[in-house]
Amino acid sequence: TACLSCPARTTGPQGSTSSTNCFCAPGTFGEIVGSASECNECPEASYCPGGPTAFPCAEGAWSPSSSLVVDSCVCMPGYYGQNGGECTVCPSGHSCEGGWQAPVLCPANTYAAPGSSGCSACGANSSSAAGALTCTCEEGLYDSSYFGRFTNGTCWRNGCEDIGLMSTGLCEQAASALGLAYLADNSVGNDGCHLATVNVSG
């Protein structure tokens with residue numbers, strides 16, 4: 001008796017005596033109904049060794065479609081870990097390009113939040129040590145949004161030195177936070193303002 005082929009996109013062990021021994025080929029998943037197969041291409045971020053199930057990669061990992069084995073699951077940028085294993089979120093102050101490469105310490109004058117794939121440069125008038133989560137304003141300068149000592153944005157002298165980029169409301173807020181008076185400056189032809197250097201409290 002001649003051997004019969006398994007349905008399309010399926011396979012079976014050598015010496016099979018029934019179509020019930022056929023299963024979806026590696027790289028696909030699904031069921032076989034009678035003599036017809038309902039095998040679908042294994043989706044991205046999954047692996048399919050063959051049979052009815054597509055197994056998802058671990059959180060933070062990705063694989064191309066039609067992947068056959070768990071080792072096809074590779075940690076995405078912002079994560080690190082062995083191929084086919086668990087992926088760990090990149091720690092703050094480090095960058096992770098993905099895959100099994102260990103986190104790389106961010107150099108001085110850069111920063112990175114957890115899960116970063118790269119390090120970002122500190123804003124103007126701010127700096128950081130290596131491995132920083134945030135940058136620190138230079139002495140006498142304050143973040144233009146939060147008026148604090150720590151910032152990942154640009155620092156302005158006394159809160160809003162750069163005329164035209166800060167609204168009057170923000171200047172008033174900065175003046176209040178820093179205990180300074182503010183002066184509207186209309187001579188520059190815009191709605192900018194700057195802080196006076198006189199302490200309100202005297």
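I began with the disulfides and counted seven of them in the structure, keeping in mind that this is a predicted model.

I then looked up the pair of cysteine 24 and cysteine 39, which are joined by a disulfide with an S to S distance of 2.0 Å. The torsion about their S-S bond came out at about -85°, so I noted this disulfide as left-handed. The pair links distant parts of the chain, since I found cysteine 24 in strand β2 (residues 23–24) and cysteine 39 in strand β4 (residues 36–41), 15 residues apart. When I checked the accessibility of the two residues, cysteine 24 was buried, and cysteine 39 was buried as well.

My next entry concerns cysteine 90 and cysteine 96, for which I recorded a disulfide with S to S 2.1 Å.

Last, I turned to cysteine 106 and cysteine 119, whose sulfur atoms lie 2.0 Å apart in a disulfide. I placed cysteine 106 in the loop between β12 (104–105) and β13 (110–111), and cysteine 119 in the loop between β13 and β14 (120–121), so this pair ties together parts that are 13 residues apart in sequence. The torsion about the S-S bond of cysteine 106 and cysteine 119 is about -85°, which means that the disulfide is left-handed. For the burial of this pair I made two separate notes: cysteine 106 is buried, with a relative accessible area of 0%, whereas cysteine 119 is partly exposed, with a relative accessible area of 32%.

Conventions. Residues numbered from 1 in each chain as written. Predicted model: local features only at pLDDT ≥ 70, side-chain atom pairs only at ≥ 80, totals over all residues. Heavy atoms only, no water. Disulfide = S-S within 2.5 Å. Helix = DSSP H or I, 4+ residues; strand = E, 2+ residues; numbered from the N terminus. Buried < 20%, exposed > 50% of the residue type's maximum accessible area, 1.4 Å probe, protein only.
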